[in-house]
Amino acid sequence: MNLFGYREGTFWCESVPIPQIAEKVGTPFYLYSKNTLLRHYQRLDESLAGIDHIICYALKANPSLSVCKVLADAGSGAEIVSGGELYRALRVGVSPGKIVYNGNGKTAPEIRYALESGILMFNVDSESELHLLNQIANELGCTAHVGLRVNPDIDPRTHPYISTGLRENKFGIPIEEALEFYRKANAMPNVKVVGIHKHIGSQIVDLSPFVESLQRIMLLVKELSRIGVHLRCIDMGGGIGITYNEETPPSFEDYVSAIKPLIKDSGCMLIVEPGRVIVGNAGVLITRVVHVKASGNKNFVVVDAAMNDLIRPSIYGAYHNIVPVEQSANCRATIVADVVGGICESADFFARGREVPELKAGELVAIMSAGAYGAAMASNYNSRPLIAEVMVDGSQTMIIRRRQTYEEMVSLESF
Ligand code: PLP
């Protein structure tokens, strides 16, 4: 579900025609629909009704303060993987008691900051991290609440770069070693074991990897209980996929129905860490065609956004639907083209060999499903300033991050 669509041939976001925003803001820019964002959050929350749960929005998908604030105001917690994400979560008013800290490279200053902030739980990724956490908690005279990130060795059947729950991936503690690990953690004076965590990958469109990995985790939870370690939280991680092209991901209801029977008698609270499924289809990238070129037997549509703004096609070969903002009155001819940016890399493309309507220089196009891992992964490569981000709420348009100036782009440097 999203609130982008055509009205009389022009593409709108909620109650605002997109050309009107482009006129005001310039191109390229990210555009988010606030009510799509909210609806995704609320629908997931409703599906989880009846289960003691916290939704911890994964900031890595889109850390924009405005996006996070909309979700925090709706009651969301936060899943964080860095001191910077903790800062953002606290800045928009996420309650520390709803923040879980993941990641395999937490540093001492980051751990100190999170302990001082009183977050809900650290999901520990290694023995070395566990010792560091215990030591810093001791220095601060407090107790660190921990879950262990367990690697259940389940194939999420997604792109290898966003697959995290297989034995060969760098994340978590192998499930066979977890019991021993819990024993060690439980014996540490400044650590209190409260939970278990898994995250098997992202853009998962099949329910079975979620179910199989949870089954493995629940066997471990029972075993732990037998040795006197009683957990309070089961953290399912994120990973629910979205429709970019023709995928049919599970509905929230199907997801919850599949996992509920496995956790219902555990006495534990459920934590979920969705990112993409909340924000992915709530955002698009609006860009303008700058040149159309035929080169040999190939067509290239060159736009003013580039891989530094949206890198998913370049690194994952990800598919994003591309549509003209103005549909022509008459049906347009189509061409097969590469839609590319202006960066000096052949990997700088948004689509390759794609059948698209015949596009003209100067016209606007929307690159769809760009709300997650879009602006979040942007860079200044080729010294291109970070682009603007805009949020629409009904008929209101807000610039939530203005376009970076050249001056700002170099402002941290000296010579
Ligand atoms: N939790 C963890 C630990 C992650 O690594 C990620 C993504 O990489 C997420 C949650 C969010 O995943 P998604 O955006 O697929 O829901």
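## Helices H5 and H6

The crossing of helices H5 and H6 is right-handed, a crossing being called right-handed if the near helix is turned clockwise from the far one by less than a right angle, and left-handed if anticlockwise. The contact (heavy atoms within 4.5 Å) is made by Ala 108, Ile 111, Arg 112, Leu 115 and Glu 116 of H5 together with Leu 132, Leu 133, Ile 136, Ala 137, Glu 139 and Leu 140 of H6. Sorted by class, this contact of H5 with H6 has eight nonpolar, no polar and three charged residues.

The axes of H5 (residues 108-117) and H6 (residues 127-140) come within 10 Å and cross at roughly 55°, which makes H5 oblique to H6. Angles under 35 degrees count as roughly parallel, over 145 as roughly antiparallel, 65 to 115 as roughly perpendicular and the rest as oblique.

## Basis of the model

This is a predicted model, in which local features need pLDDT of at least 70 and side-chain atom pairs count only at pLDDT 80 or more, while totals for chains, interfaces and linings use all residues. Residues are numbered from 1 along each chain as its sequence is written, and side-chain values use heavy atoms, with hydrogens and water left out.

## Helices H2 and H9

Helix H2 (residues 34-47) and helix H9 (residues 252-263) have axes that come within 9 Å and cross at roughly 30°, which makes H2 roughly parallel to H9. H2 passes H9 in a right-handed crossing. Where these helices meet, His 40, Arg 43, Leu 44 and Ser 47 in H2 face Phe 252, Glu 253 and Val 256 in H9 as contact partners, and by class this contact has three nonpolar, two polar and two charged residues.

## Surroundings of the ligand

Of the 15 residues around the ligand, those that come nearest are Ser 202, Gly 239, Glu 273, Arg 276 and Tyr 373, where a residue counts as near if one of its heavy atoms lies within 4 Å. An oxygen atom of the ligand is 2.3 Å from an N or O atom in the side chain of Ser 202, and an oxygen atom of the ligand is 2.9 Å from a polar backbone atom of Gly 239. At Glu 273, an N or O atom in the side chain is 2.7 Å from a nitrogen atom of the ligand.

## Backbone details in two loops

Thr 27 and Pro 28 are joined by a cis peptide bond, with omega about -10°, and Pro 28 lies in the loop between helix H1 (18-25) and strand S4 (29-33). Glu 8, in the loop between strand S1 (4-7) and strand S2 (10-13), has phi near 45°, a positive value in a residue other than glycine.

Terms used:
Axes are lines fitted to C-alpha atoms, for helices over the stretch in contact, and angles run from 0 to 180 degrees between N-to-C directions. Helices (H or I, at least four residues) and strands (E, at least two) are DSSP runs, numbered from the N terminus. Ala, Val, Leu, Ile, Met, Phe, Trp, Tyr, Cys and Pro count as nonpolar, Asp, Glu, Lys and Arg as charged, and the others, Gly among them, as polar. A polar contact is a pair of N or O atoms within 3.5 Å; within protein, one must be able to donate a hydrogen and the other to accept it, and residues adjacent in sequence count only if both atoms are side-chain atoms.
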